[in-house]
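Here is a friendly first walk through a protein structure, meant for someone who has not seen it before. Keep the view open while you read, and look up each part as it is named.

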Amino acid sequence: ALAALQPALGCWSPIRDWNVRRAQSAAYLTDQGFPVSAETRDYSINAGIWGVTIGGRETHDSWGYPPEAAWPTTTAPEQAPHEGTELVIGFRGGLPVALDGEELPALELVEALRARAAAHGVGRGIHVGDTILGIKGRIAFEASAAAVLVPAHRELEKLVLSAAQRFHKSQLGDLYGAMLHEARHFDPLMRDIEAFLDSSQARVEGSVRVFLRQGRLEVRGVRSPFSMMAPELARYGEENALWDGRDAEGFSTIYGTQQLLSGLAGRRGSEETKA
């Protein structure tokens, strides 16, 4: 990524190049007046706007699970309030803009949502992924705001996007995330994908009602001025104003034609082979 912007600049990586171990870096920082807690010596804890990643001995294999003390920001689900809480998140252009009816700047909204969800034990998880070096990586994380926003946003998309939009957005979203993770932000393809993603979010506007309780999240309702649900025209499983039974019969006949032909060809080929 640096080379794409300034190819003449060098890149220094002292921890990698000098093979510095965690104990060595902790001792050096302590000597320089920046004491490192014993907890941090055992675990690599990296905090950012979106959440916290936690690496340690339990994440080095696929069976271990970090102890309670290793989770710095979330309440243990079994200790969270039993009654739970309900939140309403407002979206505009695919982005969260309001929490419980109050419009907030993006950073303030994420921080407020993170605090409320973390208090209910929501956001803990362990991710296993493929690294660009070809090995499997495993990391624990706390991402309380993301754990609420992602399923809420997905449910709103279900209401306002077409089936084809949702399918291709899912495929391109996975590709975009993988390329970003591999430091290929400046590949021209990223701008092409961004154009599609931005376009897909034009109608992702509305409110999503979610319920948080002891580490679990439930999306309870969603509404949008761009909703594609039209109860005045059609209800699933009942008659509607868009088509009648004759239309359905004709559609079913045409829709199944290729499977019918494939089945006939298979049986015919099997009979000819036996003969």
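Predicted model: local features only at pLDDT ≥ 70, side-chain atom pairs only at ≥ 80, totals over all residues.

## A guided first look

N19 is partly exposed, because its relative accessible area is 43%. You will find N19 in the loop between α2 (14–17) and α3. Its backbone deserves a glance too: N19 is not a glycine, and yet it has a positive phi of about 55°.

Q214 has a positive phi of about 45°, although Q214 is not a glycine. Its loop is the one between β8 (206–213) and β9 (216–223). With a relative accessible area of 23%, Q214 is partly exposed.

Now to the strands. Strands of a sheet pair through backbone hydrogen bonds, either parallel or antiparallel. Here, five strands make up an open sheet, in the order β5-β4-β3-β8-β9, and the pairing is antiparallel. Which strands stand at the edges? They are β5 (102–103) and β9; each has a single partner strand, so one side of each is left without a neighbour in the sheet.

Let us follow some of the pairings within this sheet. Strand β3 (residues 85–92) is joined to β8 by seven bridges, and the two run antiparallel. Across this pairing, L87 stands opposite V210 in β8. On to strand β4 (residues 95–99), which pairs with β3 over four bridges in the antiparallel sense. There, R92 stands opposite L95 in β4. β3 and β4 form a hairpin with two residues between them, and in its turn G93 has a positive phi of about 60°. Finally, β4 and β5 are paired over two bridges, again in the antiparallel sense, and A98 stands opposite E103 in β5.

**Further strand pairings**

Strand β6 (residues 124–130) pairs with β7 in the antiparallel sense, over seven bridges, and V128 stands opposite R138 in β7. How many residues lie between the strands in the hairpin of β6 and β7? There are five, and G134 in this hairpin takes a positive phi near 95°. Strand β7 (residues 136–142) also pairs with strand β2 (residues 52–55), over three bridges and in the antiparallel sense. In that pairing, V52 stands opposite E142 in β7.

| Strand pair | Bridges | Facing residues |
|---|---|---|
| β3 and β8 | seven bridges | L87 and V210 |
| β3 and β4 | four bridges | R92 and L95 |
| β4 and β5 | two bridges | A98 and E103 |
| β2 and β7 | three bridges | V52 and E142 |
| β6 and β7 | seven bridges | V128 and R138 |

**Rings and a charge**

Aromatic rings come next. The count comes to two aromatic pairs. Y65 and W71 form a pair that is tilted, at 5.6 Å centre to centre and with 40° between the planes. Is W71 buried or exposed? W71 counts as buried, because its relative accessibility is 5%.

The rings of F251 and Y255 have their centres 5.2 Å apart and their planes at 20°, so this pair is stacked. Both residues lie in helix α9 (residues 245–255), where they are four residues apart, about one turn of the helix. F251 counts as exposed at 53% relative accessibility, and Y255 is exposed as well, with a relative accessible area of 60%.

There is also a charge to look for beside a ring: the charged end of R220 sits over the ring of F211, 4.0 Å from its centre.

**On the surface**

Where can you find a nonpolar patch? Y28, L29 and F34 form one on the surface, and together they have about 340 Å² of accessible area. L29 lies in helix α3 (residues 22–31) and counts as partly exposed, because its relative accessibility is 36%.

The last stop is K274, in helix α10 (residues 257–274). K274 is exposed, with a relative accessible area of 74%. How many residues separate K274 from R246 along the chain? They are 28 residues apart, and their C-alpha atoms are separated by 41 Å.

Key:
Residues numbered from 1 in each chain as written. Heavy atoms only, no water. Patch = residues over 30% accessible without salt bridge, like charges linked within 9 Å, V, L, I, M, F, W, Y side chains within 5 Å. Areas by Shrake-Rupley, 256 points an atom, 1.4 Å probe, with all protein chains shown as cover. Salt bridge = Lys/Arg side-chain N within 4 Å of Asp/Glu carboxyl O. Buried < 20%, exposed > 50% of the residue type's maximum accessible area, 1.4 Å probe, protein only. Phe/Tyr/Trp six-rings, centres within 6.5 Å; stacked < 30°, edge-to-face > 60°. Lys NZ or Arg CZ within 6 Å of the ring centre and 35° of its normal. Pairing = 2+ DSSP bridges.
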